[in-house]
Amino acid sequence: MKLTELFENVPDIEIKNLMADSRKKRPSSIFFCEKGMMFDGHKFVEQAIENGAVVIVHSEPIEEKHPDITYIRVKDVNSVFNRVADAFYGYPSHKLNMFGVTGTNGKSSTACIIRDILNDYSPTGYIGTIAISYGSVKLPPLLTTPSIDDLHGILHDMVSAGIESCALEASSIGIDQGRVDSVDFDAVIFTNLTHDHLDYHGTMENYFEAKKGLFDSLKEDAVAITNADDPYGMEIVKDCRCPVYTYGIDHDADYRVTKFQLMKDRTIFTLKCNGMEYEMETNLVARFNIYNLLGAIAALNLKGLSITQIMQKVRHISQIEGRMERIDLGQPFNIIVDFAHTPDGITKLCSYASAITRKGNRIIAVTGSAGKRDTAKRPVFGQILDKYADMIILTEDDPRDEKVLNICSSIASGIKDTNYIIVEDRYDAIRQAIEMADAGDCIILMGKGDEKFMYREFGREPYEGDDAIAEEILKKYVL
């Protein structure tokens, strides 16, 4: 693409790449001097030029050392980056039916449910915490919501592969940093809002406003779908320009479950919507998963799928990796792997474990907390586990440059009555949980899900994933 197609009054030079990370080689690229949480792109202009940048877009004064480099000063680098990335990749989100999902918990599950149901009717991609997937392509995740250039590049690849729809997780940090500003959303779902990311946002009010910004910016012919049972549900959509629809269980809603029966391996429920009642069955379990399913059903129905079409698919939703994933190799006790890493997420998982564990059997919890992230929630984790678990094993969970023992001790400060041990190596922690389990017990492995990496002081290190480790230990020591 020619630079003249992206900017006015510039040289007629060929642009082959966009660059946000000055460390990556990008020949004939435009480098955008973004200001992030830790780094300011203005300080890395020379490195960007060494790695192929021929155009520098900046907002602060910089020394224009190179006569063969085009320097473009703008008021807002992020806004220009969004506009340019969208154009450079051929406006891909405008060519896709775009579903956005935002909220503290349930983003991955809701987005994956949308993809799983819709994929049989319209080729659908997914971008989020679990993976980047479309068609036969499955790539490791980047950020929950990728950077501006990565995101539009992925959407472009989806369009080129014949994908027609995409379910995208929109994180609060991604929204706040403007990563989705130029995404043309057709439907956005709000799941819930509870304590998380306060190390970044500072207050719940700021956290809420970041999420709300996505709904405020929706185009008039989009649809906003919100959880009527969440305290923030109606507030977050009050300034929407587009139609708003609700879903819920406890309050009246456009899509409402009026009664349901939760079982160990499935859920039967009545869905009331569009003046009709539908008797439905799904292999999803736990009350919070019914909320995730409801949000997905509402979005899919509003964007063209009939309830009858949806009903055929919800009976057998594909296992969402690392989300309420039951590890069952025939052992006489339950093992559940879940990404739960917030107070609300842990409470919901523990509550479900309690519901399926008979009196006299134990809940054995294995968890940790991420290093350098929202330390205030650690003692709260301990308090929740103290209420529900019978044995707690505290271990590592992306410690970064914090000592695992210190993180675990902070969680333990909230534990008053329940027995706990600290096992710093996560593999060994899972092994000990499995070895101590008796018939009828329930082990819950929280925080990592199926993630194949562990953040340490030096960066990402390969990690097998809690699901894979649990299976490996069962085969080696139990079965």
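Pro399 counts as buried, because its relative accessibility is 4% and buried means under 20% relative accessible area, with exposed being over 50% and partly exposed in between (1.4 Å probe, protein chains only). You'll find Pro399 in the loop between strand S19 and helix H12 (404-412). Those labels come from DSSP runs, numbered from the N terminus: helices are H or I runs of at least four residues, and strands are E runs of at least two.

Before going on, a word on what you're looking at: this is a predicted model, in which local features need pLDDT of at least 70 and side-chain atom pairs count only at pLDDT 80 or more, while totals for chains, interfaces and linings use all residues. Residues are numbered from 1 along each chain as its sequence is written, and side-chain values use heavy atoms, leaving out hydrogens and water.

Back to Pro399. Which residues does Pro399 touch, not counting residues up to four places away in sequence? The answer is Gly371, Val404, Ile407, Met454, Tyr455 and Arg456, where contact means heavy atoms within 4.5 Å. Ser354 is another matter: its C-alpha atom is separated from that of Pro399 by 28 Å, and the two residues are 45 apart along the chain.

Strand S18 (residues 363-367) is largely enclosed by the rest of the structure, because five of its five residues are buried. Ile363, Ala365 and Thr367 point one way from S18, while Ile364 and Val366 point the other way.

What does S18 pair with? Strand S19 (residues 391-394) is a parallel partner over four bridges, and here Thr367 stands opposite Leu394. Strand S21 (residues 442-446) also pairs with S18 in the parallel sense over four bridges, with Ala365 opposite Ile444. For two strands to pair, DSSP has to find at least two bridges between them. Strands of a sheet pair through backbone hydrogen bonds, either parallel or antiparallel.

**A four-stranded sheet**

Elsewhere, an open sheet of four strands runs in the order S1-S2-S3-S4, with parallel pairing. Its edge strands are S1 (17-19) and S4 (70-73), each of which pairs on one side only. Neighbouring strands of this sheet are turned by 20 degrees against each other on average, direction ignored; axes here are lines fitted to C-alpha atoms (for helices over the stretch in contact), and angles run from 0 to 180 degrees between N-to-C directions. Three bridges join S1 to strand S2 (residues 29-32), and Met19 sits opposite Phe31 in S2.

**Aromatic pairs**

A search of the whole structure turns up five aromatic pairs. Rings of Phe, Tyr and Trp (its six-membered ring) pair if their centres lie within 6.5 Å; planes under 30 degrees apart count as stacked, over 60 as edge-to-face and the rest as tilted. Among them is the stacked pair of Phe32 and Phe81, 4.1 Å centre to centre with 10 degrees between the planes. Phe32 lies in strand S2 and Phe81 in helix H2 (residues 77-88), so this pair ties together parts that are 49 residues apart in sequence. Phe39 and Phe44 make an edge-to-face pair, because their centres are 6.0 Å apart and their planes are at 80 degrees.

| Residue | Relative accessible area | State |
|---|---|---|
| Phe32 | 0% | buried |
| Phe81 | 0% | buried |
| Phe39 | 55% | exposed |
| Phe44 | 28% | partly exposed |

**Two helices crossing**

The axes of helix H8 (residues 287-302) and helix H9 (residues 307-314) come within 10 Å and cross at roughly 145 degrees. On the H8 side the contact is made by Leu293, Ile297, Leu300 and Asn301, and on the H9 side by Ile307, Ile310 and Val314.

Most residues other than glycine have a negative phi, and most peptide bonds are trans. Met324 has a positive phi of about 50 degrees although it is not a glycine. Met324 lies in the loop between H9 and strand S16 (325-326) and is buried, with a relative accessible area of 7%. Asp374 is not a glycine either, yet has a positive phi of about 40 degrees. Asp374 is in the loop between S18 and helix H11 (378-388), and at 6% relative accessibility it counts as buried.
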